[in-house]
Amino acid sequence: MRRSITRTRLLALVWPELRAAEAAPTRPFERMLDALDDLSPRVEAVANGVALVDMTGLGPMWGTERRIAARAVMLTRAVAPLTVRCGIGDNRWLATLAARLARFDRPGAPAAFHAFGVHAGRAELRDLPLALLPADLATRQRLDLFGLTRMGQLADLPRSAVGAQFGAAGERLQALARGHDPRPIVPRRRPEHVEAGATFEPALEGIGSVGLTLRRLAAELCDRLRERHLAPGRATLVLRLEDAPELRVAQQFPQPALEPDWIARLLISRLEAAARAPFFSYTNQVGGNRVGQSSSANEPIQIYVAGSQEGPRQPPDSVITTTVGTWREPPPEPRVASVLLQFDRLNDPASRQLPAFEARAARWDELRWSLERIRHRFGPGRLRRATAERPTAALPEHRSRLVDIGS
Amino acid sequence: MRTDAAAAPSLETALETLRARGLGMRRGSEPAPLELTRPSVPTGHPALDVALGTGGWPRGALTLLDARTGSGATTLALGTLAAAQEAGGLTAWLDLDGTLDPAVAARLGVSLEWLLIARPHDPGEAVELAAWLARSGLIDALVLDLGTHPAPDRRALDRLGSLLARSGSTSALVLAPTGGTVVGAVVGVRVALHRTAWLGVGRDLVGQRVHAVVERHRWWLAGGSAELDLWFGEGRRIDPLLAARAQPIDPVEVAAEPPVLRVVSA
């Protein structure tokens, strides 16, 4: 019984301007790759300015190979109007070689196109120079010494003879000269994010009042990701405030997790820490009496003694002056107009193996969320774990080492 | 934990026990109900578990180890953490003075992997940190070592106690050599430790014998006592041969002639 075998066809796209610039920005290239996702689900970023697109089976949808290449050019030029070389072949070597061989029809043409036919092999590569092969300088010189200048000459040699003279690298070069390349395309994983938002009309009073909404948004995003077996590694929360600048908080999770309660609690504690920070930020500048600890980062609270000129700056206008000292007036509760929650760094939640088998490890993972919130509340350096270093050392500080949790 | 219904003392038995211990009750007063099934964390010493009645330190409660410095409170607390870890628990040590030596803890059987060490700045912050950890409900046993600091605010301790009771999963031991009076008024269990003898092999001291008395117990009858042998260096994992050869030495004799301390079980 005969089976029809579909040959892999790859489209290589090379942008000379991006390749030429050493420190070319990768941002437009990323956006081009995003645009190519609309053409094929398998797109590989080989390097900055070089992309491979798997076009196997796209014919019935988009037409001939030339039309598919033209469509790819159109999609990428919508992002950035750069010239591009397109090459098509049965494997990644032939596709990229075709892109190198592509010549522009006329000066100023947006794209050049070259394609090797199906089952292209040593016949089509026979007359091409060996300089096109990805060989190092020493290997090239040795090939020259043997009088090998064309791919056909290398392809016709017995494989054992090439292996004896040039080793495994030589055998690989010969396979390329014959048009063989076993390396598969490795589709990139698109760095994606999911987001959900809510607008409040009228605006909510106070940051603390967004807690319920935050919990609902986190649950909604977790449900969406659960169906795809993904879990977020970071959340970004954007609060648009009335009469105040936008408040943006990015929080990395202890591990990828689909736990809306934990995520919401951690974000709220992070929000509270961010909201507390500016309240006490000025208090260290004036010499005064130390009266206690602040509630944010345990910085000493100092009060400004009325009439004292020790401080480098005068207290701000919003300071209440008393006979004892001055306190900054607590800022009014901001009014929240909208909230946007974004999850990114999506990962496979099943990658954590140990907690799946050991209950204590799972509980420790859960505890890490609480510890992260404690870090927000009390500041870094409070929570540590010890590791044994040299148990027989004479000095206690050399026997073990304390590691800050979360650092 | 005792679940045998036959072991449950009747009211008459309880009153007899109280009278025998000299802890007479006011006429007409009703004893608090005994909680036979109260969850607990093992102390690491079966004799003390029996004396406590609840099978160990009760969960969801504050326990004060009332002991002078050097009377074995730290060793007993570390043994408790080791026992809690053996049962699959997570533990924490709030070290106010920064005197905890993790290497010593490891020698006493504490797995550093499951031990959280917190370094608060003052007693108030220590109590607040303990409350945060208790609220998570994931720590089985935590030790609040106040060291030489004064006792924290009583209201903060009350708040910690109510949080512990609400979570019901964490057993908190308080080591307060200097502030035992204040702390002792709010805890659910108070155990006094007195050294009765050193334990020595020849002229080498290998441990101490401690008399533990349950002076207060909110969920069981107070007055129980136990003799505990606390071994230096190895904790409960002392070599049985060494333990069998150890002889009690009167602490007065030791004080008169300080022995040469040598490491015999490193």
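Q: In this predicted model, which residue of chain B forms a salt bridge with A:Arg399?
A: The closest N and O atoms of this pair are 2.8 Å apart. The partner of A:Arg399 is B:Asp101.

Q: How many salt bridges does the rule find across the interface of chain B and chain A?
A: Side chains of opposite charge can pair when their charged atoms come close. The pair A:Arg399 and B:Asp101 is one case, with chain A giving the Arg and chain B the Asp. Across the interface, the rule's count of salt bridges is 4.

Q: Which element of chain B gives the most to the side that touches chain A?
A: Polar contacts between chain B and chain A come to 12 residue pairs. On the chain B side, helix 4 (102-107), strand 5 (115-118) and helix 5 (123-136) each supply at least two residues. The top contributor, with 7 residues, is helix 5.

Q: How much area do chain B and chain A bury between them?
A: The contact draws 28 residues from chain B and 28 residues from chain A. In chain B, the residues losing the most area to chain A are B:Trp114, B:Trp132 and B:Leu138, together 25% of what that side buries. Carbon and sulfur atoms hold 61% of the buried area. The total is about 2,600 Å².

Q: What stands opposite A:Leu383 in strand 5 of chain B?
A: Strands pair across the two chains here: strand 14 (residues 383-388) of chain A is joined to strand 5 of chain B by 2 bridges. The two strands run antiparallel. Opposite A:Leu383 you'll find B:Ala118.

Q: Is A:Arg377 buried or exposed?
A: A:Arg377 sits in helix 13 (residues 359-378) of chain A. Its side chain makes a polar contact with the side chain of B:Glu128, at 3.0 Å. Because the cut-off for buried is under 20% relative accessible area, a value of 18% makes A:Arg377 buried.

Q: Why does the salt bridge between A:Arg363 and B:Asp140 join two chains?
A: The closest N and O atoms of A:Arg363 and B:Asp140 are 3.0 Å apart. A:Arg363 lies in helix 13 of chain A, while B:Asp140 lies in the loop between helix 5 and strand 6 (141-145) of chain B, so the pair joins chain A and chain B.

Q: How many residues apart in sequence are the parts tied together by B:Asp140 and B:Arg59?
A: B:Asp140 also forms a salt bridge with B:Arg59, the closest N and O atoms being 2.9 Å apart. B:Asp140 is in the loop between helix 5 and strand 6 of chain B, and B:Arg59 is in the loop between strand 2 (57-58) and strand 3 (61-67) of chain B. So the parts they tie together are apart in sequence by 81 residues.

Q: Where do A:Arg368 and A:Asp365 both lie?
A: These two form a salt bridge, with the closest N and O atoms 3.5 Å apart. A:Asp365 counts as buried at 9% relative accessibility, and A:Arg368 counts as partly exposed at 31%. They are 3 residues apart, about one turn of the helix, and both lie in helix 13 of chain A.

Q: What is the bridge partner of A:Ala12 in strand 3 of chain A?
A: Strand 1 (residues 10-14) of chain A has 5 of its 5 residues buried. Five bridges in the antiparallel sense pair strand 1 with strand 3 (residues 50-54) of chain A, and strand 1 is also joined to strand 4 (residues 84-89) of chain A by 5 bridges. In strand 3, A:Ala12 is partnered by A:Leu52.

Q: Is A:His229 buried or exposed?
A: A:His229 has a positive phi, near 55°, in a residue other than glycine. It lies in the loop between helix 10 (211-226) and strand 7 (234-242) of chain A. Since its relative accessibility is 61%, A:His229 counts as exposed.

Notes
Residues numbered from 1 in each chain as written. Chains lettered and ligands numbered in written order. Predicted model: local features only at pLDDT ≥ 70, side-chain atom pairs only at ≥ 80, totals over all residues. Heavy atoms only, no water. Contact = heavy atoms within 4.5 Å. Buried area = accessible area lost by both parts, 1.4 Å probe. Salt bridge = Lys/Arg side-chain N within 4 Å of Asp/Glu carboxyl O. Polar contact = N/O pair within 3.5 Å; in protein donor to acceptor, adjacent residues only side chain to side chain. Helix = DSSP H or I, 4+ residues; strand = E, 2+ residues; numbered from the N terminus. Pairing = 2+ DSSP bridges. Buried < 20%, exposed > 50% of the residue type's maximum accessible area, 1.4 Å probe, protein only.
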